[in-house]
Amino acid sequence: MKAVLVIADGLGGRITDYNGKTCLEAADTPNLDYLAKIGINGLLDPIEHGVRPGSDTAHLSIFGYDPKEVYTGRGVFEALGIGMDVQDGDICFRANLATVDDELRVIDRRAGRINEGLDEIEKAINSVEVYDAEIIYKSSVEHRGALIIRGEGLSYRITDTDPHKTGKKVLRAKAIERAVSAEKTAAIVNEFTKKVHDVLKDLEINRKRMKEGKAPANIVLLRGASIKPDIKPLKEIYGIEGSAIAGGALYLGIARAIGLKTIKPEGATGRKDSNLLSKVKTALDELESRDFVFIHFKGADSCAHDHDADAKIEFIEKIDNAIGYLLDNIDLEDAHIAFTGDHSTPIEYGDHTADPVPLVIAGRNVIPDDVERFNERDAMKGGLHRISGRVLPVLFGYCNFLDKFGA
Ligand code: ZN
Ligand code: ZN
(Lines give C-alpha, C1' and ligand atoms only; values in the text may rest on other atoms or scores of the structure.)
(Ligands and ions follow the chains in the order given, each with its own letter.)
Protein backbone atom coordinates (compact mmCIF):
# COMPACT_ATOMS: atom_id res chain seq x y z
CA MET A 1 0.00 0.00 0.00
CA LYS A 2 1.20 3.52 -0.82
CA ALA A 3 0.23 6.84 0.76
CA VAL A 4 0.10 10.29 -0.84
CA LEU A 5 -0.50 13.48 1.15
CA VAL A 6 -1.08 16.68 -0.80
CA ILE A 7 -1.14 20.00 1.08
CA ALA A 8 -2.30 23.13 -0.73
CA ASP A 9 -1.00 26.03 1.34
CA GLY A 10 -3.58 28.57 2.50
CA LEU A 11 -6.32 26.62 0.71
CA GLY A 12 -9.28 27.52 2.91
CA GLY A 13 -11.26 30.74 2.70
CA ARG A 14 -14.39 32.61 3.70
CA ILE A 15 -17.60 33.50 1.84
CA THR A 16 -16.35 37.08 1.72
CA ASP A 17 -13.70 35.85 -0.76
CA TYR A 18 -15.75 36.02 -3.93
CA ASN A 19 -19.43 37.04 -4.29
CA GLY A 20 -20.67 34.98 -1.35
CA LYS A 21 -18.43 32.06 -2.15
CA THR A 22 -15.05 30.88 -0.92
CA CYS A 23 -12.36 30.71 -3.59
CA LEU A 24 -12.61 26.91 -3.49
CA GLU A 25 -16.37 27.15 -4.12
CA ALA A 26 -15.85 29.63 -6.94
CA ALA A 27 -13.16 27.55 -8.64
CA ASP A 28 -13.93 24.87 -11.23
CA THR A 29 -12.46 21.72 -9.68
CA PRO A 30 -13.76 18.55 -11.38
CA ASN A 31 -10.87 16.39 -10.15
CA LEU A 32 -11.04 17.47 -6.51
CA ASP A 33 -14.83 17.00 -6.69
CA TYR A 34 -14.27 13.47 -7.99
CA LEU A 35 -11.93 12.82 -5.07
CA ALA A 36 -14.64 14.13 -2.69
CA LYS A 37 -17.21 11.83 -4.34
CA ILE A 38 -15.17 8.63 -3.97
CA GLY A 39 -13.60 9.59 -0.63
CA ILE A 40 -14.43 10.41 2.96
CA ASN A 41 -14.59 14.14 3.74
CA GLY A 42 -14.42 16.42 6.72
CA LEU A 43 -13.12 19.64 8.20
CA LEU A 44 -9.62 19.91 9.56
CA ASP A 45 -8.45 22.23 12.31
CA PRO A 46 -4.80 22.13 11.27
CA ILE A 47 -3.51 22.46 14.84
CA GLU A 48 -6.65 22.59 16.98
CA HIS A 49 -9.83 24.68 17.00
CA GLY A 50 -9.16 28.27 17.96
CA VAL A 51 -5.49 28.23 17.02
CA ARG A 52 -4.26 30.42 14.15
CA PRO A 53 -1.64 28.32 12.43
CA GLY A 54 1.69 29.26 10.98
CA SER A 55 2.60 27.14 7.98
CA ASP A 56 5.43 25.42 9.88
CA THR A 57 3.45 24.53 13.01
CA ALA A 58 0.44 23.47 10.87
CA HIS A 59 2.57 21.09 8.81
CA LEU A 60 4.11 19.55 11.94
CA SER A 61 0.62 19.03 13.37
CA ILE A 62 -0.77 17.55 10.13
CA PHE A 63 2.23 15.19 10.06
CA GLY A 64 1.18 13.94 13.50
CA TYR A 65 3.54 15.88 15.77
CA ASP A 66 2.49 18.22 18.59
CA PRO A 67 3.96 21.59 17.61
CA LYS A 68 3.67 22.78 21.22
CA GLU A 69 6.18 20.07 22.08
CA VAL A 70 8.56 20.02 19.13
CA TYR A 71 8.49 23.49 17.56
CA THR A 72 11.66 25.52 18.14
CA GLY A 73 11.13 28.32 15.59
CA ARG A 74 11.28 28.74 11.86
CA GLY A 75 14.94 29.50 11.16
CA VAL A 76 16.10 25.91 11.45
CA PHE A 77 13.63 24.74 8.78
CA GLU A 78 14.86 27.44 6.39
CA ALA A 79 18.46 26.33 7.02
CA LEU A 80 17.62 22.65 6.54
CA GLY A 81 15.50 23.50 3.49
CA ILE A 82 18.40 25.07 1.62
CA GLY A 83 20.61 22.10 2.42
CA MET A 84 22.66 23.43 5.34
CA ASP A 85 24.18 21.03 7.81
CA VAL A 86 22.53 21.80 11.15
CA GLN A 87 24.20 20.43 14.27
CA ASP A 88 22.99 20.15 17.86
CA GLY A 89 23.48 23.50 19.60
CA ASP A 90 23.55 25.55 16.38
CA ILE A 91 21.44 28.72 16.43
CA CYS A 92 19.66 29.11 13.07
CA PHE A 93 18.07 32.24 11.63
CA ARG A 94 16.16 33.30 8.54
CA ALA A 95 18.35 35.93 6.98
CA ASN A 96 17.56 38.83 4.64
CA LEU A 97 20.09 40.84 2.69
CA ALA A 98 18.90 44.42 3.10
CA THR A 99 19.89 48.02 2.52
CA VAL A 100 20.58 50.44 5.39
CA ASP A 101 21.91 53.99 5.62
CA ASP A 102 24.93 54.99 7.75
CA GLU A 103 22.78 55.03 10.88
CA LEU A 104 21.60 51.48 10.19
CA ARG A 105 18.12 52.69 9.25
CA VAL A 106 16.47 50.23 6.87
CA ILE A 107 15.90 51.64 3.38
CA ASP A 108 15.03 48.38 1.62
CA ARG A 109 14.36 45.12 3.48
CA ARG A 110 15.16 43.13 0.32
CA ALA A 111 18.15 45.04 -1.09
CA GLY A 112 16.26 45.58 -4.34
CA ARG A 113 15.62 41.81 -4.58
CA ILE A 114 19.30 41.50 -5.40
CA ASN A 115 20.04 38.72 -7.86
CA GLU A 116 23.75 39.20 -8.62
CA GLY A 117 27.01 38.72 -6.80
CA LEU A 118 25.38 36.44 -4.25
CA ASP A 119 28.47 34.20 -4.08
CA GLU A 120 30.70 37.19 -3.35
CA ILE A 121 28.31 38.36 -0.65
CA GLU A 122 28.04 34.90 0.86
CA LYS A 123 31.83 34.66 1.06
CA ALA A 124 32.09 38.09 2.67
CA ILE A 125 29.48 37.25 5.32
CA ASN A 126 31.22 33.96 6.09
CA SER A 127 34.49 35.82 6.65
CA VAL A 128 33.05 37.77 9.60
CA GLU A 129 34.55 36.70 12.91
CA VAL A 130 32.72 37.32 16.18
CA TYR A 131 34.31 36.28 19.48
CA ASP A 132 34.67 32.48 19.53
CA ALA A 133 31.61 31.79 17.38
CA GLU A 134 31.52 30.47 13.84
CA ILE A 135 29.27 32.29 11.35
CA ILE A 136 27.82 30.23 8.49
CA TYR A 137 25.63 31.95 5.89
CA LYS A 138 24.04 30.44 2.81
CA SER A 139 21.95 32.35 0.31
CA SER A 140 18.89 30.72 -1.23
CA VAL A 141 16.93 32.92 -3.64
CA GLU A 142 17.55 36.64 -4.26
CA HIS A 143 17.86 38.46 -0.90
CA ARG A 144 16.90 35.40 1.12
CA GLY A 145 19.13 33.00 3.01
CA ALA A 146 19.81 31.35 6.33
CA LEU A 147 22.48 31.96 8.95
CA ILE A 148 23.88 29.65 11.59
CA ILE A 149 25.86 30.69 14.66
CA ARG A 150 27.91 27.79 15.94
CA GLY A 151 29.69 27.81 19.28
CA GLU A 152 29.68 26.84 22.93
CA GLY A 153 26.87 27.76 25.32
CA LEU A 154 24.46 29.54 22.98
CA SER A 155 20.67 29.95 23.21
CA TYR A 156 17.93 30.61 20.66
CA ARG A 157 15.89 32.59 23.17
CA ILE A 158 16.72 35.98 21.64
CA THR A 159 14.78 38.59 19.65
CA ASP A 160 15.09 39.50 15.93
CA THR A 161 17.32 42.22 14.51
CA ASP A 162 14.92 42.64 11.58
CA PRO A 163 12.61 45.59 12.34
CA HIS A 164 10.17 44.22 9.70
CA LYS A 165 9.61 47.79 8.42
CA THR A 166 11.49 50.27 6.31
CA GLY A 167 12.44 53.58 7.91
CA LYS A 168 13.22 51.86 11.21
CA LYS A 169 16.66 51.19 12.64
CA VAL A 170 18.04 47.66 12.71
CA LEU A 171 17.07 46.28 16.12
CA ARG A 172 19.48 45.12 18.79
CA ALA A 173 18.95 41.46 19.62
CA LYS A 174 17.92 40.96 23.23
CA ALA A 175 17.78 37.91 25.46
CA ILE A 176 14.22 36.67 26.00
CA GLU A 177 15.19 34.63 29.05
CA ARG A 178 17.53 35.49 31.91
CA ALA A 179 20.36 33.18 31.02
CA VAL A 180 24.04 33.71 30.32
CA SER A 181 23.68 31.72 27.10
CA ALA A 182 20.93 34.01 25.75
CA GLU A 183 22.87 37.15 26.74
CA LYS A 184 25.95 35.76 25.01
CA THR A 185 24.07 34.90 21.82
CA ALA A 186 22.43 38.33 21.67
CA ALA A 187 25.87 39.93 22.08
CA ILE A 188 27.27 37.81 19.23
CA VAL A 189 24.35 38.76 16.98
CA ASN A 190 24.76 42.49 17.72
CA GLU A 191 28.50 42.37 17.13
CA PHE A 192 27.91 40.40 13.92
CA THR A 193 25.41 42.99 12.67
CA LYS A 194 27.96 45.80 13.13
CA LYS A 195 30.81 43.85 11.55
CA VAL A 196 28.84 42.50 8.61
CA HIS A 197 27.77 46.05 7.69
CA ASP A 198 31.43 47.14 7.70
CA VAL A 199 32.38 44.21 5.47
CA LEU A 200 29.47 44.49 3.05
CA LYS A 201 29.30 48.24 2.53
CA ASP A 202 32.63 48.38 0.70
CA LEU A 203 32.14 45.20 -1.30
CA GLU A 204 32.76 45.58 -5.02
CA ILE A 205 29.30 44.35 -6.03
CA ASN A 206 27.70 46.95 -3.77
CA ARG A 207 29.84 49.81 -5.12
CA LYS A 208 28.76 48.74 -8.59
CA ARG A 209 25.10 48.59 -7.59
CA MET A 210 25.22 52.06 -6.04
CA LYS A 211 26.80 53.48 -9.19
CA GLU A 212 23.90 51.96 -11.14
CA GLY A 213 21.38 53.45 -8.70
CA LYS A 214 20.49 50.03 -7.24
CA ALA A 215 20.08 49.18 -3.56
CA PRO A 216 23.28 47.70 -2.10
CA ALA A 217 23.10 44.58 0.09
CA ASN A 218 24.93 46.15 3.02
CA ILE A 219 23.36 44.42 6.03
CA VAL A 220 22.00 41.03 7.09
CA LEU A 221 18.70 41.12 9.00
CA LEU A 222 18.05 38.12 11.24
CA ARG A 223 14.78 36.67 12.51
CA GLY A 224 13.22 33.45 13.78
CA ALA A 225 16.13 32.23 15.94
CA SER A 226 15.80 28.52 16.53
CA ILE A 227 17.62 25.28 17.25
CA LYS A 228 17.39 21.81 15.77
CA PRO A 229 14.09 20.37 17.05
CA ASP A 230 13.95 17.01 18.79
CA ILE A 231 11.73 15.20 16.28
CA LYS A 232 11.42 11.46 15.83
CA PRO A 233 11.65 10.67 12.10
CA LEU A 234 8.57 9.14 10.44
CA LYS A 235 10.59 6.04 9.63
CA GLU A 236 11.21 5.37 13.33
CA ILE A 237 7.53 5.81 14.17
CA TYR A 238 5.90 3.99 11.25
CA GLY A 239 8.74 2.04 9.61
CA ILE A 240 8.06 3.66 6.25
CA GLU A 241 10.29 5.40 3.69
CA GLY A 242 8.99 8.69 2.33
CA SER A 243 9.82 11.54 -0.02
CA ALA A 244 8.75 15.17 -0.07
CA ILE A 245 8.21 17.24 -3.21
CA ALA A 246 8.17 21.01 -2.65
CA GLY A 247 9.52 24.28 -3.97
CA GLY A 248 9.71 26.42 -0.83
CA ALA A 249 12.70 26.08 1.52
CA LEU A 250 10.50 26.05 4.62
CA TYR A 251 8.61 22.95 3.46
CA LEU A 252 11.71 21.12 2.28
CA GLY A 253 13.23 21.91 5.68
CA ILE A 254 10.29 20.55 7.67
CA ALA A 255 10.37 17.43 5.50
CA ARG A 256 14.09 16.97 6.19
CA ALA A 257 13.46 17.43 9.91
CA ILE A 258 11.01 14.49 9.93
CA GLY A 259 13.37 12.30 7.94
CA LEU A 260 11.89 12.51 4.45
CA LYS A 261 14.01 12.52 1.31
CA THR A 262 13.50 15.98 -0.19
CA ILE A 263 13.18 16.88 -3.86
CA LYS A 264 12.73 20.27 -5.47
CA PRO A 265 11.80 19.33 -9.05
CA GLU A 266 12.55 21.28 -12.20
CA GLY A 267 10.16 24.24 -12.42
CA ALA A 268 9.08 24.08 -8.76
CA THR A 269 9.51 27.64 -7.53
CA GLY A 270 7.35 27.81 -4.40
CA ARG A 271 5.53 30.66 -6.14
CA LYS A 272 2.41 31.17 -8.31
CA ASP A 273 4.33 30.27 -11.48
CA SER A 274 5.39 26.89 -10.09
CA ASN A 275 5.18 23.87 -12.38
CA LEU A 276 2.70 21.66 -10.51
CA LEU A 277 2.66 18.90 -13.11
CA SER A 278 6.40 18.50 -12.73
CA LYS A 279 5.85 18.02 -8.99
CA VAL A 280 3.18 15.37 -9.52
CA LYS A 281 5.31 13.51 -12.09
CA THR A 282 8.24 13.50 -9.66
CA ALA A 283 5.93 12.23 -6.92
CA LEU A 284 4.74 9.38 -9.15
CA ASP A 285 8.36 8.44 -9.90
CA GLU A 286 9.20 8.44 -6.19
CA LEU A 287 6.17 6.33 -5.38
CA GLU A 288 7.68 3.46 -7.41
CA SER A 289 10.21 2.86 -4.63
CA ARG A 290 8.76 4.68 -1.59
CA ASP A 291 5.84 4.00 0.76
CA PHE A 292 4.83 7.62 1.12
CA VAL A 293 5.04 10.85 -0.84
CA PHE A 294 4.18 14.34 0.39
CA ILE A 295 3.48 17.04 -2.20
CA HIS A 296 3.31 20.73 -1.28
CA PHE A 297 1.70 23.46 -3.42
CA LYS A 298 2.37 27.01 -2.19
CA GLY A 299 0.68 29.43 -4.63
CA ALA A 300 -2.86 29.73 -3.25
CA ASP A 301 -1.52 31.12 0.04
CA SER A 302 0.63 33.75 -1.70
CA CYS A 303 -2.36 34.92 -3.81
CA ALA A 304 -4.51 35.24 -0.68
CA HIS A 305 -1.79 37.22 1.16
CA ASP A 306 -1.95 39.57 -1.85
CA HIS A 307 -5.80 39.81 -1.43
CA ASP A 308 -6.13 38.52 -5.01
CA ALA A 309 -9.22 36.26 -5.29
CA ASP A 310 -8.95 35.80 -9.06
CA ALA A 311 -5.35 34.62 -8.78
CA LYS A 312 -6.19 32.26 -5.91
CA ILE A 313 -9.10 30.75 -7.87
CA GLU A 314 -6.86 30.35 -10.92
CA PHE A 315 -4.18 28.66 -8.81
CA ILE A 316 -6.74 26.29 -7.23
CA GLU A 317 -7.80 25.31 -10.77
CA LYS A 318 -4.14 24.69 -11.60
CA ILE A 319 -3.92 22.43 -8.54
CA ASP A 320 -7.07 20.63 -9.69
CA ASN A 321 -5.46 19.97 -13.05
CA ALA A 322 -2.38 18.50 -11.35
CA ILE A 323 -4.59 16.30 -9.16
CA GLY A 324 -6.29 15.10 -12.35
CA TYR A 325 -2.92 13.97 -13.66
CA LEU A 326 -2.19 12.23 -10.36
CA LEU A 327 -5.53 10.40 -10.42
CA ASP A 328 -4.98 9.32 -14.03
CA ASN A 329 -1.67 7.73 -13.11
CA ILE A 330 -2.30 6.13 -9.74
CA ASP A 331 -4.21 2.99 -8.83
CA LEU A 332 -6.42 3.66 -5.81
CA GLU A 333 -6.53 -0.09 -5.19
CA ASP A 334 -2.86 0.22 -4.14
CA ALA A 335 -2.75 3.75 -2.81
CA HIS A 336 -4.56 6.17 -0.51
CA ILE A 337 -4.57 9.90 -1.14
CA ALA A 338 -5.26 12.67 1.35
CA PHE A 339 -5.80 16.22 0.10
CA THR A 340 -6.12 19.25 2.36
CA GLY A 341 -4.75 22.71 3.25
CA ASP A 342 -2.43 23.72 6.07
CA HIS A 343 -4.77 26.58 7.08
CA SER A 344 -7.22 29.11 5.65
CA THR A 345 -6.01 32.38 4.16
CA PRO A 346 -9.16 34.41 3.38
CA ILE A 347 -8.86 37.13 0.72
CA GLU A 348 -10.18 40.02 2.79
CA TYR A 349 -8.03 39.29 5.86
CA GLY A 350 -4.96 38.48 3.78
CA ASP A 351 -3.38 36.29 6.43
CA HIS A 352 -3.84 32.91 8.10
CA THR A 353 -6.99 32.41 10.18
CA ALA A 354 -8.15 29.72 12.60
CA ASP A 355 -11.00 28.66 10.26
CA PRO A 356 -10.95 24.93 9.47
CA VAL A 357 -10.06 23.61 6.00
CA PRO A 358 -11.69 20.82 3.98
CA LEU A 359 -10.01 17.41 3.98
CA VAL A 360 -10.64 14.38 1.79
CA ILE A 361 -9.12 10.89 1.93
CA ALA A 362 -9.70 8.37 -0.86
CA GLY A 363 -8.57 4.79 -1.51
CA ARG A 364 -9.76 1.20 -1.25
CA ASN A 365 -10.13 1.07 2.55
CA VAL A 366 -12.15 4.27 2.82
CA ILE A 367 -15.94 4.19 3.26
CA PRO A 368 -17.23 7.04 1.07
CA ASP A 369 -19.78 9.53 2.35
CA ASP A 370 -22.39 11.55 0.42
CA VAL A 371 -20.20 14.60 -0.23
CA GLU A 372 -19.86 15.35 -3.94
CA ARG A 373 -17.93 18.61 -4.03
CA PHE A 374 -14.63 19.57 -2.49
CA ASN A 375 -15.03 22.80 -0.53
CA GLU A 376 -15.44 24.18 2.98
CA ARG A 377 -19.27 24.04 3.01
CA ASP A 378 -19.75 20.53 1.61
CA ALA A 379 -16.96 19.17 3.84
CA MET A 380 -19.17 19.97 6.86
CA LYS A 381 -21.43 17.07 5.85
CA GLY A 382 -18.64 14.51 5.53
CA GLY A 383 -17.94 11.30 7.41
CA LEU A 384 -14.67 12.48 8.93
CA HIS A 385 -16.62 15.28 10.64
CA ARG A 386 -14.13 17.67 12.23
CA ILE A 387 -10.66 16.56 13.24
CA SER A 388 -7.60 18.28 14.69
CA GLY A 389 -4.24 17.83 12.92
CA ARG A 390 -2.83 14.27 12.63
CA VAL A 391 -3.90 13.77 9.00
CA LEU A 392 -0.86 11.63 8.27
CA PRO A 393 -1.56 9.09 11.05
CA VAL A 394 -5.19 8.87 9.84
CA LEU A 395 -4.01 8.32 6.25
CA PHE A 396 -1.45 5.75 7.42
CA GLY A 397 -4.22 3.99 9.34
CA TYR A 398 -6.11 3.35 6.09
CA CYS A 399 -2.82 2.09 4.58
CA ASN A 400 -2.35 -0.36 7.49
CA PHE A 401 0.95 1.27 8.45
CA LEU A 402 0.11 1.73 12.16
CA ASP A 403 1.32 -0.29 15.13
CA LYS A 404 -1.29 -1.29 17.65
CA PHE A 405 -1.51 0.82 20.81
CA GLY A 406 -1.81 -1.72 23.64
CA ALA A 407 -2.29 -5.46 23.41
ZN1 ZN B 1 0.72 27.78 5.02
ZN1 ZN C 1 0.86 32.26 4.41
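## Two domains

The centres of domain 1 and domain 2, taken over C-alpha atoms, sit 34 Å apart. Domain 1 takes in 2–71 + 230–398, while domain 2 covers 86–226; these bounds come from an automatic or database domain assignment.

A bit of housekeeping: this is a predicted model, where local features need pLDDT of at least 70, side-chain atom pairs count only at pLDDT 80 or more, and totals for chains, interfaces and linings use all residues. Residues are numbered from 1 along each chain as its sequence is written, chains are lettered from A and ligands numbered from 1 in the order in which they are written, and side-chain values use heavy atoms, with hydrogens and water left out.

## The zinc site

Zinc ion (ligand 2) is held by Asp301 (OD), Asp301 (OD), His305 (NE2) and His352 (NE2), at 2.0 to 2.8 Å. Donors here are N, O and S atoms within 2.8 Å of the metal (3.2 Å for Na, K and Ca), and since water is not among the atoms, sites may look incomplete. Another zinc ion (ligand 1) lies 4.5 Å from the zinc ion (ligand 2).

The geometry counts as irregular because the four donor atoms subtend angles of 52 to 136 degrees. For reference, four donors count as tetrahedral if all angles lie between 85 and 135 degrees; four count as square planar and six as octahedral if opposite donors are over 155 degrees apart and all others between 65 and 115; anything else is irregular. The donor residues of ligand 2 follow the spacing D-x3-H-x46-H. Asp301 belongs to helix H12 (residues 299–305) and His352 to the loop between strand S11 (335–341) and strand S12 (357–362), so the pair ties together parts that are 51 residues apart in sequence. Helices (H or I, at least four residues) and strands (E, at least two) are DSSP runs, numbered from the N terminus. Asp301 and His352 are both buried, meaning under 20% relative accessible area, with exposed over 50% and partly exposed in between (1.4 Å probe, protein chains only).

## Nonpolar cores

The largest nonpolar core has 51 residues, and Leu5, Leu234, Phe292, Ile361 and Phe396 touch the most other members. A core is a set of buried Ala, Val, Leu, Ile, Met, Phe, Trp, Tyr and Cys residues joined through side-chain atoms within 4.5 Å. Helix H10 (residues 249–257) supplies its largest share, seven residues, and the core draws at least three residues from each of domain 1 and domain 2. Apart from it lies another core, of 43 residues, among them Leu11, Cys23, Ala27 and Ile263.

Leaving aside neighbours within four places in sequence, Leu5 has contacts that include Ile62, Phe63, Phe292 and Leu395; contact means heavy atoms within 4.5 Å.

In helix H2 (residues 30–38), Leu32, Asp33, Leu35 and Ala36 are buried. They cover an arc of only 155 degrees around the axis, which puts them on the same side of H2; the arc is that of the directions from the helix axis to the C-beta atoms. Their cover includes strand S2 (40–45), helix H13 (309–328), S11 and S12.

Leu43 is in strand S2 and counts as buried at 9% relative accessibility. Leu43 and Glu376 are 333 residues apart in sequence, yet 7.3 Å apart in space, C-alpha to C-alpha. Not counting residues up to four places away in sequence, Leu43 touches residues including Pro356, Glu376, Met380 and His385.

## Positive phi

His385 sits in strand S13 (residues 385–388) with phi near 55 degrees, a positive value in a residue other than glycine. His385 is exposed, with a relative accessible area of 57%.
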